[in-house]
Amino acid sequence: MKQDNIGIAVVGAGRIGTLRARLASKHPSVGYLAISDKDPARAKALAEQAGADRHSGSNEDVIADPRVTAVIVSTPEQEHTEPILQALRLKKPVLVEKPIGFSLSDADRILTTLYETKGDLRVGYSRRYKECFLRAKEQMVHGRLGQVVGGLARVYNSRAQTFAILKRDPHATPVLDVLTYYVDLMCWFLEGNRPVEVVARGQHGIFKAAGYSAHDATWAIVTFADGAVVNFGISYALPAQFPTQGQSDRVELLGTEGTMLIDDDHKEHLLFSEKGVPHPYVPGHNLQMAFLGSNSAGDWAMGDFCGSLGNETRAWLDHLATGAPTVHTTPEQARVNLETTIAIERAVATGKPVRLPLET
């Protein structure tokens, strides 16, 4: 059924919550917008910026607001579970940032409640909404690669952004916080073919010296149920002045009847400025040279937001308004993504192969 007066609650007024709120405020079907954050001042500031109708320091009160019909959960990763459960019990659709949680037990609590309430939950893996990956999925749907036998997904970023992430949440390692995007992408491309084994190695150095458990580089080989092998790699320890403003990545798919190579490093749009280019994620950090378009979420340009997070948010709001299907990650797939990244870190820690599914 079409809706033209959707009420949105944005729970969490950080960087992504700010983007989601501003995008929601521009959507023609959104008639009510509420913002909450445990820091009331931050909720108030975002509400003023987005033109919201309400702001609060209580997530619970805003989710329960009868004028709210759907909820965006953009709290820190460790605080996803309770807002999701509350919204589902109130029969309100939810879009939550990835990962679904940092523990399989929390993911299972969410799935149990989802099934009991027959609710609607999608997980924000915005890489799916980047144009190059949407085009890639279209080719997979048409079967133009044949059977995928192997592949690669690797992503780089600078240590400046990693330190900002770890300062926010020391548990948000590059594997759990970022490589999960590429696990999701590969599982989406190889839909119906789930990971069954992980072998991985990592190297400590820069982050360990700073007091964190994150590895400077992690490489994993993941075997899928039909025997396909995919190499996942991440290094978020590049020098602080490396030109990327977010994820610089490359994805490759090798099939029996075709090959697809996706270069998403963003070297094709280079800006050098002696005035400096503000980093979109790290306050006060300027780059003289920047790969434009590498900001993972996207960019504001000429008064509108372009990029994967904008596409993803608008698709979810369109779904609420019209019932149109979307390619958002399902909670079941989000659990597989979480389980696989946990297995990668476990394989690094033990030096041994890890079988999936994990025992819980």
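**Entry 1: main core.** I am working from a predicted model. I looked up the largest nonpolar core and found 74 residues in it. Leu121, Phe189, Phe232 and Leu253 have the most contacts inside this core. Which helix gives the largest share of this core? I noted helix H8, residues 174-189, with 12 residues.

**Entry 2: Phe232.** I listed the contacts of Phe232, skipping neighbours within four places in sequence. Ala153, Leu179, Tyr182, Val183 and Met186 are among them. Thr218, Trp219, Ala220 and Val222 are on the list too.

**Entry 3: second core.** I also found a second, separate core, and it has 21 residues. Its members include Ala21, Ala50, Ile72 and Ala321.

**Entry 4: Leu166.** I placed Leu166 in helix H7, residues 159-168. Is Leu166 buried or exposed? Its relative accessibility is 1%, so Leu166 counts as buried, the cut-off being under 20%. Beyond the neighbours within four places in sequence, Leu166 is in contact with Ala172, Thr173, Phe207, Tyr212 and Ala214. I checked Leu104 against Leu166 as well: they are 62 residues apart in sequence and 21 Å apart in space, C-alpha to C-alpha.

**Entry 5: surface patch.** I then turned to the surface. Val199, Ile221 and Val229 form a nonpolar patch there. Together they have about 210 Å² of accessible area. I located Ile221 in strand S9, residues 217-224. Ile221 has 46% relative accessibility, so I logged it as partly exposed.

**Entry 6: background.** In soluble globular proteins, nonpolar side chains tend to be buried together.

Key:
Residues numbered from 1 in each chain as written. Predicted model: local features only at pLDDT ≥ 70, side-chain atom pairs only at ≥ 80, totals over all residues. Heavy atoms only, no water. Core = buried A, V, L, I, M, F, W, Y, C linked by side-chain atoms within 4.5 Å. Buried < 20%, exposed > 50% of the residue type's maximum accessible area, 1.4 Å probe, protein only. Helix = DSSP H or I, 4+ residues; strand = E, 2+ residues; numbered from the N terminus. Contact = heavy atoms within 4.5 Å. Patch = residues over 30% accessible without salt bridge, like charges linked within 9 Å, V, L, I, M, F, W, Y side chains within 5 Å. Areas by Shrake-Rupley, 256 points an atom, 1.4 Å probe, with all protein chains shown as cover. Salt bridge = Lys/Arg side-chain N within 4 Å of Asp/Glu carboxyl O.
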